[in-house]
Structure formats: C-alpha cells, structure tokens
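Hello,

Here is the structure you will be taking over. Please open it first, then read the notes below.

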Amino acid sequence: MKHILTSSLVLLVFGGAATPTTASYSSETRCYAEPNQHGEWFDFNDYVHELGTYDFDNTIESIRETGMWMYYDNINYNTDQAGWVFWASGIDFCGNVPTQYANTASSLRYAGSPYSLDDETWTVYSGQSFTGHEHMGYKDASSLGSLGDQVSSIIIVGKSAWTFYDGTDFHGTNSVCLRPNFEFDLDSQGRVLHVGIYPTPSDFHISDNNIESVRKGCWSERVVLGTTVIANYTSPNGAWGIIHG
Ligand SMILES: [Ca+2]
Ligand SMILES: [Ca+2]
Ligand SMILES: [Ca+2]
C-alpha cells in the first residue's frame, strides 16, 4: 500500500480571488490501480500536476472520493496538451473510470474550498474543461486579475448562486446567474455537497474570454438553471462524467 499524501496548506490571495494550489481538509480522493476499489491505492488531498511523481501515472482505474475532482488525460491538467477529463463529484462516492479511459490519468485536482466541503465558492479556469490557470473565490470579485477576459470554464460549489459579468465592477453588456445543478448527500452523516459544472462558454452563456467580475447571488435576468454537462452516472451521493477536451 502506498502512503497517504499530506502537505502543508498555502493559500494565495489577491483581489478577492484565491488560488488553492494546495491541500484540502475536506476534499480527498483515494485512487486505485484496479477497478471496484481494488489494488494499489493512493490518497490525495491536494493538486497533482504530474501523477508520475507518485509513480501513479496512467494507473488509475477506480476511485473513492469526497469533493469535486477532475482527472486529466495529460500532465498539467491538459493545459499543454488537449485530452479527456474524467470528473467525479460526491461524498464517499465510489466510481470506476470507464474502460477506454482507465490507466490514462496523468494529473488531478479538485474544485472548491480547501477548508469545508460545501463552502460557497466559484472557480474560474482559463481553459475549457477546467484546464489552464484558475482563480477561486468565496466572495464578490470586482475584477478577476490575470484571468479577466480569460475565463473559459467555471465550477461552482455550495448552495449559492453567483452572477458573472462581462465587465469589471459587476457591470457589462452581459451577465448570467449560475446555480449549482447537482446536490449530493449522505443521509447517514448529514454531509451535503452542491456543485455546478460549466465546462464551456456555451454552458454559461457568456462569450469565451469575456467574464471580468463575479457577485454572490442571482442578480441577472439570465439564469442558467442547469448545465448541459452530461453525467454518465448519478446516485444520491455522487456522479461522474467524461468531457472531451
Ligand atoms: Ca496519460
Ligand atoms: Ca480562455
Ligand atoms: Ca469582458
């Protein structure tokens, strides 16, 4: 058996946006080398830009996880090279990576707060399908810093809706209210997780590389009630899907 991975928590904060390149206290994934949660395994509670570092490249066939995790075909979250993304979200949720994608994941990361599972957060990514650079925030952001006019995908965690604007300071020609569209819970434990998954601009209805600010709550007449992302499997405590980058 491999060792549990732990590392120190560092949170970089600027302009109302934070980048959690770091360990989570609430999100964790146990990745197995064989289907149905068998074989050699590794626990991750942090981003891994290159699974080869843990001698676990192209090895994952099943998972047991809590949180919203993305598993990427290539290193560095498919940022340098396009590929598929296997996403899975839930609480103590078990899943098998579909056969054609098994033994190919080369990096992984989670979305949301490192501190508490269902903290209300937004995360924006510079690439579609949650690739590239990212910023995460817990509150209003009047600008997105270096990701202003760069946003190509979004993940929301927690109950709150968030309104995104194509201008700074909560202005602009277009705005859209995004809501979480998945809710998972474990009755036995009372834990709940809300997630909204928006892998492309056509899912969040603002043109690519145009969003510049975000405000908590629903302040737009344009409301997206559910994303068009397809879950290949859903259950009360989790779901997973494949996105082709
Ligand atoms: Ca790979
Ligand atoms: Ca972009
Ligand atoms: Ca803009």
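Two strands count as paired here if DSSP finds at least two bridges between them. By that rule, β11 (residues 162-165) and β12 (residues 175-178) pair in the antiparallel sense, over four bridges. Within this pair, F164 stands opposite V176 of β12.

Keep in mind that this is a predicted model.

**The sheet around that pair**

β11 and β12 belong to an open sheet of four strands. The order is β15-β11-β12-β16, and the pairing is mixed. At the edges stand β15 (213-216) and β16 (223-224). Each has a single partner strand, so one side of each is left without a neighbour in the sheet.

**Confidence**

The protein chain averages a pLDDT of 90. A score of at least 70 is reached by 90% of the residues. Where pLDDT is low, the predicted coordinates should not be read in detail.

**Domains**

The chain is divided into two parts. Domain 1 covers 12-112 + 231-244, and domain 2 covers 121-224. Their C-alpha centres lie 20 Å apart.

Contact between the domains involves 25 residues of domain 1 and 29 residues of domain 2. On the side of domain 1 that touches domain 2, the elements that give two or more residues are β2 (17-19), β5, β6 (84-96) and β18 (238-244). The largest share comes from β6, with six residues. By type, the residues on this side of domain 1 divide into 14 nonpolar, 10 polar and one charged.

The core has 57 residues. Those with the most contacts inside it are L108, I154, I155, F164 and L178. F164 is the residue that stands opposite V176 in β12. Strand β5 (residues 62-72) gives the most to the core, with six residues.

L108 deserves a look of its own. Which residues is L108 in contact with, leaving aside its neighbours within four places in sequence? They are T29, F44, V48, L51, W69, M70, Y71 and Y72.

Best wishes

Conventions
Residues numbered from 1 in each chain as written. Chains lettered and ligands numbered in written order. Predicted model: local features only at pLDDT ≥ 70, side-chain atom pairs only at ≥ 80, totals over all residues. pLDDT = per-residue confidence, 0-100. Core = buried A, V, L, I, M, F, W, Y, C linked by C-beta atoms within 7 Å. Buried ≥ 20, exposed ≤ 12 C-beta atoms within 10 Å, placed from the backbone. Contact = placed C-beta atoms within 7 Å. Domains from an automatic or database assignment. Nonpolar A, V, L, I, M, F, W, Y, C, P; charged D, E, K, R; others polar.
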